[in-house]
Amino acid sequence: MTRLDGPAEAVSGSDAGNVVPYADQALFLALRGAGQEAVMQGLWIYRHPVDLDGVRRFHRNLFGTLLARRIESSPLPFGRHRWVSQPFTDSNLDLADRPRSRDEMYTWADEQVELPLDPEWGPAWRLGVQPFDDGTTMVSLVVSHCVADGAGSFMAIAQASTGATRDLGLPPAGARTRSQGIREDLRQLRGDLPEVGRTLRRAAKVAVGRRAELGRPAPERSVPGTGSRTVRMPTVSVFIDATQWDSRAQSLGGNSFSLVAGFAGKLAARLHRARASDGAVTLMLPVSERADLDDTGGNVVTIANVSFDPALVATDLSGPRTAIREGLKNAREVPDEMVELLPLIPFVPKRGIARIADATFGFSTDLPVSCSNFGVLPPELTRVDGTPAEFLSFRGVDRHASVDNLERRRGVMTVTSGQIADTMTMTVISYQPGMENSRAELCGILTETLKDFGLSGQIV
């Protein structure tokens, strides 16, 4: 169980208002240390003409949301980072006017993910529009995970779509001189010291209990261009009638959430991500803890780790239903000892943070599947040009994913889902060692899994 919003934080003085939470600084440093970049991508598919003026308005409005910020590193090697504002620019807006072939849709989507993006130096997000030769137009929004999680990004999209913008009140980058930054960050450190002291005592206990995991060699840093080949992981989206989905969930003794978990579990088994010891699959289920619009944390979630046998899920959802209930209860009641160490993050070398992330998420000991179900989403999310797109999908992507890192992690699988209006949308990303790892292969496996559950849908 992993609580990513971390322990209560000490603050000191009025300058603490834009301090990056421990969890967000940990994610930022862990990704930097491992040479990786985690992003989210929303993909809107329009079957009718897109209003480009509406897209430009949406782009402008995003600068009045949670996405209008970047991370500024502390001048102290052990200091807390700060949120700073992202001023308006149109350099992160790409409106293509030349159609591409329809079969290049996901090629273009992958290209959007690979464009320059950086949560510290900017831009922290990008918006693009591409028409295709069958009359379809795709809109892509790519957001650094260091700036906002899924719920935060959806909140920003809904606000930008409706024009309900706001000022985060953040200072611009470089507003502090180096000497001012040092003084303020030392003052912040003094306020943090009591929590750091308590954490050091916990750290000694954790180090003894988990010395085998923490003693493994640090994950290799993968940097594009150094000989470690990067890959584009295949992605497939399926759109299912929500009435059909809910009816099937009820007939199997579950609900939409347990059907998503059961479907992901069956799919994981087909992709050889079941444990060799007992055949169970393990899902990491993020649950948003974002209370309201005033919560400006980047990643404010609790992650529940749930395991169940996928053999019977196509006929009975009691297994995943029980596992989810127990997993969520444990995640909220039993603090994860690794996450309790977050106040030490500013003092940990980057490669050490990468090792802690490996131990926390179990890449070395299990075959976890990231499974995000956002539930019923507001229809405003589909209206990036002011009109509803026919389809909307969303996915989490590792930028510059190298074969070495993917093999070391023993593959990757993510499932993201949610209901928008009368459609259940689900997107699957997969890379498994020893498999073909093509989009055609993944489409075939997804189709067979739909048949397992007696479901039908449109695969895009």
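Reader: Hi! Which residue in β6 is the bridge partner of Asp94?
Author: Gly128 is the bridge partner of Asp94. This is a predicted model, and in it strand β5 (residues 93-95) and β6 pair in the parallel sense over three bridges.

Reader: How does the chain get from β5 to β6?
Author: The chain goes through helix α3 (residues 105-114), and this β-α-β crossover is right-handed.

Reader: Nice. And what stands opposite Leu93?
Author: That is Leu127 in β6.

Reader: Is β6 (residues 125-131) mostly covered or uncovered?
Author: β6 is mostly covered, with seven of its seven residues buried. Both faces are covered: on one side sit Trp125, Leu127, Val129 and Pro131, and on the other Arg126, Gly128 and Gln130.

Reader: Why do the residues split into two sets like that?
Author: In a regular strand, side chains alternate between the two faces of the sheet.

Reader: Which way do β6 and β7 run, parallel or antiparallel?
Author: They run antiparallel, and seven bridges join β6 to strand β7 (residues 137-144). One example is Gln130, whose bridge partner in β7 is Met138.

Reader: How many residues lie between the strands in the hairpin of β6 and β7?
Author: There are five residues between the strands, and in this hairpin Gly135 takes a positive phi near 95°.

Reader: Let's zoom out. What is the order of the strands in the open sheet?
Author: The order is β5-β6-β7-β2-β12, five strands in an open sheet with mixed pairing. At the edges stand β5 and β12 (391-399), each with a single partner strand, so one side of each has no neighbour in the sheet. Direction ignored, neighbouring strands of this sheet are turned by 15° against each other on average.

Reader: Which strands does α3 lie across?
Author: α3 lies across β2 (37-46), β5, β6, β7 and β12, and runs at about 30° to β7. Helix α4 lies across β2, β7 and β12, running at about 40° to β2.

Reader: Changing topic to helix α2 (residues 52-61): which of its residues are buried?
Author: Those are Gly54, Val55, Phe58, His59 and Asn61. They are on the same side of α2, because they cover an arc of only 165° around the axis.

Reader: What do the buried residues of α2 pack against?
Author: They pack against β5, β6 and α4 (150-162).

Reader: And which residue caps the N-terminal end of α2?
Author: Asp51 does that: one of its side-chain oxygens lies 3.0 Å from the backbone nitrogen of Asp53.

Reader: Now to β11. What joins strand β9 to strand β11?
Author: Two bridges join β9 (residues 281-288) to β11 (residues 369-377), and these strands run parallel. Across that pair, Leu283 stands opposite Val369 in β11.

Reader: In which sense do β11 and β13 pair?
Author: β11 and strand β13 (residues 412-420) pair in the parallel sense, over six bridges. Here Val376 stands opposite Gln419 in β13.

Reader: Last one, for the whole chain: how many helices and strands are there?
Author: The chain has twelve helices and 15 strands. Of its 460 residues, 54% are buried. Among contacts with a separation of 6 or more, 79% are between residues 24 or more positions apart.

Key:
Residues are numbered from 1 along each chain as its sequence is written. This is a predicted model: local features need pLDDT of at least 70, side-chain atom pairs count only at pLDDT 80 or more; totals for chains, interfaces and linings use all residues. Side-chain values use heavy atoms; hydrogens and water are left out. Buried means under 20% relative accessible area, exposed over 50%, partly exposed in between (1.4 Å probe, protein chains only). Helices (H or I, at least four residues) and strands (E, at least two) are DSSP runs, numbered from the N terminus. Two strands pair if DSSP finds at least two bridges between them. A crossover is right-handed if, with the strands pointing away from the viewer, the path from the first strand over the helix to the second runs clockwise. The arc is that of the directions from the helix axis to the C-beta atoms. Contact means heavy atoms within 4.5 Å. A polar contact is a pair of N or O atoms within 3.5 Å; within protein, one must be able to donate a hydrogen and the other to accept it, and residues adjacent in sequence count only if both atoms are side-chain atoms. Axes are lines fitted to C-alpha atoms, for helices over the stretch in contact, and angles run from 0 to 180 degrees between N-to-C directions.
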